[in-house]
Amino acid sequence: MANIMALNAVYNHYLTSYSRNSATKYDTHDKNELRNVYHSIVKLNKEAPLYLLDSSRESHAFAIGVKEGARELHNVIASLGGLNEDELLNKKAAFSSDENIVGAQYIGDAGNDAEIPSYEIEVRSLASPQVNLGSYLPADSMDLPADTYSFDINIHNTNYEFQYKIAEGDTNKKLQEKLARLISGAGIGIDAVVETDEDLSALKLTSSATGAPIGKESLFTISDTHSSKASGSVAYLGIGQATRPASNAELIINGTQRSIPSNHFTLEKTYEITINGISPVEGQTATVSVKDDTESLGENINKLVSGYNSFLDFAVQNKGRRTKNADLLKEMRSIASIYKDGLNHMGLQIKQDGTLTLNADTYTHSMEDGEAKHTVSMMRDFADSLFRKTNQISLDPMQYINNTMVAYKNPAKTHFATPYHTSPYSGMMFNSYC
C-alpha cells in the first residue's frame, strides 16, 4: 500500500508540476515506432560514457520541462504531417465563415488530394449540462442539528458517497462552501459553487458532461435515502432535483436536422467542430470548408513558428547554474541558421533572441514567384530537422543538465549496451518519494 501511495504521489506531482498539455493522438505509437525507439535507446546506451549527474531539484525540473517541451513541439510538427516526410507542412487548414457560430479544424489526411466536402451549419441551440440549484437559505443561520451526514451522488451508474459533519455554530453558507469544495475536488464530473443573493445562499451543482442522457432522466442524481449516516441534508439544501435538465445541441447541417450531445464533435471524420453560439437569425449558417493550398501552408507555418518559439521561450526562461540551457538554445538556433536564406525568402525572420516571426506580405510574394517550390522544399527540410531534433531530445533530456564525465568506453573493445544509462530521467522523479 505504501508503494502504491508513493507512486500516486509521484504521478500527481509530475502531472501538476510539469505536464503542460494533455496527451494527443501523436503520443500513441504502433509496434514499429516502439521498436525504433528501443533500437535508438540501445544505440545510445552503447555509445554513452559514464558520468555523474547533478541531482538538484532545479536540474530535475529542467530535464522534465525540456522533454515535455520537445514532446509538444514534436506533436505540433506531427499534426502538420511530420510523421510522413512527403506530407510535411501539407496539412489542409479548415475555416469557418462565422466563428461566432462554429469553429472548425481539419482532421483528415494531411495530403488528401480528393475533393473535401464543405458544410453549411445552422445552430438552433447549444448542448447544455444538468444543473441542480439548491434552495436559497439564510446565509448566517442553520436549522439542521449537529451530526455526521452523508448522501450519494450517482453518475455514470457509479455511486459516490460524501460524508461530512455539521458542528454547533455552523451556518448554511459555511456548510454549502464545505460541500462545494468536497464535490468539486472529488473529480467525478460535477462542479459545485455557492451562489448568493443578498443575505441568502444556495449550493449549485453543474455536470461537466452535456447532452440529454440516453435511457435516463438525468446525468446525475443525489439522494440520502440509503445514507450510511444521518439523512435529511439533501432535502434541506434543496439539491435533489434538477432545475435545468441537460439538453442536446440542435443543428441543421446541409439542410438535415441533427441533435448532438456535445458542443464539440467530429463531422464525417473530416472536421472537428466547436459550437460557439446560436445563429442570430433563423436560416443563417456558417460555411465550414478548407482553405486553398497557399493559405493552408501559411497556417501550418504559423503553427510551426509558434511551437518553435514556445520551446525557445522555455529554454530562455529556465536559465540556471545547474542546467545547460545555453547548449540547447545554441543547437536550436543553429538549425534555424542553416536554413536562414530560405526562411528569409519565405518571410521568416530570425530575431535577435533566436525566435522566428512571419511577415505575411513577404510570404504571399514568395508564393507567387518562380522559386516557390524550392522555398517550400527548404521549409520542409527545416521542419524535418526540428522534428528529428525533438526525437533526439526526448530520448536523452539529461544531456541538458550539468554532469561530470567519469570515463569513456574503451574504443578498442566491443561496446555493450549500458542498461541504466536512460534510467536517471525516470528514476530522479522517485528520489523524493521513496
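**Strands, cores and salt bridges in a predicted model**

The backbone nitrogen of Ser228 sits 3.5 Å from a polar atom in the side chain of Ser150. That makes for a polar contact (a pair of N or O atoms within 3.5 Å; within protein, one must be able to donate a hydrogen and the other to accept it, and residues adjacent in sequence count only if both atoms are side-chain atoms). The model is a predicted one, so local features need pLDDT of at least 70 and side-chain atom pairs count only at pLDDT 80 or more, while totals for chains, interfaces and linings use all residues. Residues are numbered from 1 along each chain as its sequence is written, and side-chain values use heavy atoms, with hydrogens and water left out.

Back to Ser150, then. This residue belongs to strand S7, residues 147-155. Strands (E, at least two residues) and helices (H or I, at least four) are DSSP runs, numbered from the N terminus. Is Ser150 buried or exposed? Ser150 counts as buried because its relative accessible area is 0%, where buried means under 20% relative accessible area, exposed over 50%, and partly exposed in between (1.4 Å probe, protein chains only). Leaving aside residues up to four places away in sequence, Ser150 touches Glu161, Phe162, Gln163, Tyr164, Asp224, Ser227, Ser228, Lys229 and Ala230. Touching, or contact, here means heavy atoms within 4.5 Å.

S7 is part of an open sheet of 3 strands, in the order S8-S7-S11 and with antiparallel pairing. Two strands pair if DSSP finds at least two bridges between them. At the edges are S8 (158-166) and S11 (220-223), each pairing on one side only. On average, neighbouring strands of this sheet are turned by 20° against each other, direction ignored. For such angles, axes are lines fitted to C-alpha atoms, for helices over the stretch in contact, and angles run from 0 to 180 degrees between N-to-C directions. S7 and S8 pair in the antiparallel sense over 9 bridges, and Asp147 has Ile166 in S8 as its bridge partner. Helix H4 (residues 172-185) packs on the sheet and touches S7 and S8, its direction making about 145° with that of S8.

Strand S9 (residues 190-197) and strand S10 (residues 200-210) run antiparallel and are joined by 8 bridges. The two form a hairpin with 2 residues between them, and Glu198 in the turn has a positive phi of about 55°. Thr196 stands opposite Ser201 in S10, while Glu195 has Ala202 in S10 as its bridge partner. S10 also pairs in the antiparallel sense with strand S5 (residues 129-133), over 4 bridges, with Asn132 partnered by Leu205. Strand S6 (residues 137-138) pairs with S10 in the antiparallel sense too, over 2 bridges, and here Pro138 stands opposite Leu200.

Now for the greasy parts. A nonpolar core is a set of buried Ala, Val, Leu, Ile, Met, Phe, Trp, Tyr and Cys residues joined through side-chain atoms within 4.5 Å. The largest one has 43 residues, of which Leu304, Leu328, Met379 and Phe382 touch the most other members. Helices H3 (57-82), H6 (293-317), H7 (325-338), H8 (340-346) and H10 (372-395) each supply at least two residues of this core, and the largest share, 9 residues, comes from H6. Not counting residues up to four places away in sequence, Leu328 touches Phe62, Val66, Phe311, Ala315, Ile393 and Tyr400. A second, separate core of 27 residues includes Ile155, Ala180, Leu219 and Val234.

Charged side chains meet as well: the structure holds 9 salt bridges, each being a side-chain nitrogen of Lys or Arg within 4 Å of a carboxyl oxygen of Asp or Glu. One of them links Arg71 with Glu68, the closest N and O atoms being 3.0 Å apart. Both lie in helix H3, 3 residues apart, about one turn of the helix, and both are buried. In another, the side chains of Lys204 and Glu195 meet at 3.3 Å, N to O. Lys204 is partly exposed because its relative accessible area is 24%, and Glu195 is partly exposed with 26%. Lys291 and Glu299 form a further salt bridge, with their closest N and O atoms 2.6 Å apart. Here too, Lys291 is partly exposed at 24%, as is Glu299 at 23%. Finally, salt bridges link Glu122, Arg124 and Glu282 in a network.
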